[in-house]
Amino acid sequence: MSKYILAVDQGTTSSRAILFDRSGKAHGVAQKEFSQIFPQPGWVEHDADEIWQTQLDVMRAVLRESHLAPGDIAAIGITNQRETTVVWNRRTGEPVSNAIVWQDRRTAAFCDELKGAGMEALIRHRTGLVLDPYFSGTKLRWLLDHVPGARLAAEKGELAFGTIDSWLIFKLSGEHVTDASNASRTLLFDIHVGDWSDELLALFGIPRAMLPRVVPSSGAVAHVREEILGAPVPIAGIAGDQQAATFGQACHSPGMAKNTYGTGCFMLLNTGARAIESNNHLLTTVGWTLHGDLQRPTDFMLEGSVFMAGAIVQWLRDGLGIIEKSADVEVLAASVPDSGGVIFVPAFAGLGAPYWDAYARGTLIGMTRGTTKAHIARAALESIAYQSAELAEAMQKDAGIGLKELRVDGGASRNDLLMQFQADVLGVPVIRPVVTETTALGAAYLAGLAVGFWSSMEEIAAMWQVERRFEPSMPARERTERLLQWRRAVERARGWASHS
């Protein structure tokens, strides 16, 4: 009997492979970072072939280092950085250019054109998304318009488009598929119908033949080619990273919320079978689709997206050099009692929810001669919590419910100083589970459900365990004053870059 599920976790800065056993515990991890490419200010690219190679390397490495045979793997679950856009030749499997990353802002002017033409309401209603460069549709159009010969080749059916899940599945199996959680992040998918929208494809000038087939998030949809891992292992779980983390956190019921602290910061609130259209600049997105004996309506989510979270710590390390490794930031920030009045608005790639300002830029304000690198480090951590608090406030208004707790995961959730400050500015408990690798775990759960490795959602929920609970201790008045100060700083960061 197969002993493990292999989770493929392809993130913005690294590719990982993690083995999970039947108790949901990790039994092997391999990880490789890959290149970040910045051709111009506001542009972010990845080499899709490098992503594939690093992902292949870590899959093979975790099996080798764990002394496992392919037969020990019941299924593979894939989770991925969302919105990042790849176009490749169907025959050769070669990308036509670098992938355009979700952080990239090059299509801001095109989004403005569509807004000026009155298209925003239509897009919002069909997709649940705001009209922003963040999403894949405008990136795909840019590639067709700027890569020589791409549009003609696409119209002939020679090119395929996909987010990173589709790209990896194509390389692993030759199949061209995606799931609804990833499709719902493209600006091209009608979340109410559950299919690509011909109306939106025409608006963006995208040939339908480029698009992947949409399949369930949980279900055996392809098999890995035998020469890759030594056996045709089923690919049975697919979900965008934030939806996978929500599933891994067992937020399976309406009203449950989680926040992932990764490169960006992403808060999702489960709204069940109801797609709530936000009045507070949040996103309405598909959570997951299940089938077989577990068939149920698609779960929808309200989502708030912060573009810069863990990436802020990377910038302190690589850009400013004030820490040697990311883990040093907590000690440095804790060496001062507060930020000394410094507010850091990390709008390096614009601002996400609830502002959606592609022209905002990073701002460090409130400094004096007494400001030290410790104050800047503390302000950087606090900025992550402030941004998340604004998301939680908007969600509660949209859903008409009060947040009772926030489940957290991702690398920065291990930072106790940040988690306590997050509880303080939210005013509700922040709960960190024993397993914080919930993105990979969610992909594993989706795959395992499909092949009977786990029997039910209830079995999965019962495995979730609390590692630490952070209770809010900040007085309400201080919380209000701090959030007001934060919003003053945000206003100074907004609209800074040129709109040309």
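Q: Is T263 buried or exposed?
A: T263 is buried, because its relative accessible area is 18%. Buried means under 20% relative accessible area, exposed over 50% and partly exposed in between, with a 1.4 Å probe and protein chains only.

Q: What kind of model is this?
A: It is a predicted model: local features need pLDDT of at least 70, side-chain atom pairs count only at pLDDT 80 or more, and totals for chains, interfaces and linings use all residues. Residues are numbered from 1 along each chain as its sequence is written, and side-chain values use heavy atoms, with hydrogens and water left out.

Q: Where does T263 lie?
A: In the loop between β15 (257-261) and β16. Strands are DSSP runs of E, at least two residues, numbered from the N terminus.

Q: Which residues does T263 touch?
A: Not counting residues up to four places away in sequence, T263 touches T12, T13, W102, Q103, F307, M308, A309, G310 and A311. Contact means heavy atoms within 4.5 Å.

Q: Which strands form the open sheet, and in what order?
A: Seven strands, ordered β17-β18-β16-β15-β21-β22-β23, with mixed pairing. Two strands pair if DSSP finds at least two bridges between them.

Q: Which are the edge strands?
A: β17 (283-288) and β23 (466-470), each pairing on one side only.

Q: How do β16 and β18 pair?
A: β16 (residues 265-272) and β18 (residues 299-306) are antiparallel, over seven bridges. L269 has L302 in β18 as its bridge partner.

Q: Switching to β8. Which way do its residues point?
A: In β8 (residues 159-162), L159 and F161 point one way, A160 and G162 the other, and all are buried.

Q: What stands opposite A160?
A: W88.

Notes: Helix = DSSP H or I, 4+ residues; strand = E, 2+ residues; numbered from the N terminus.
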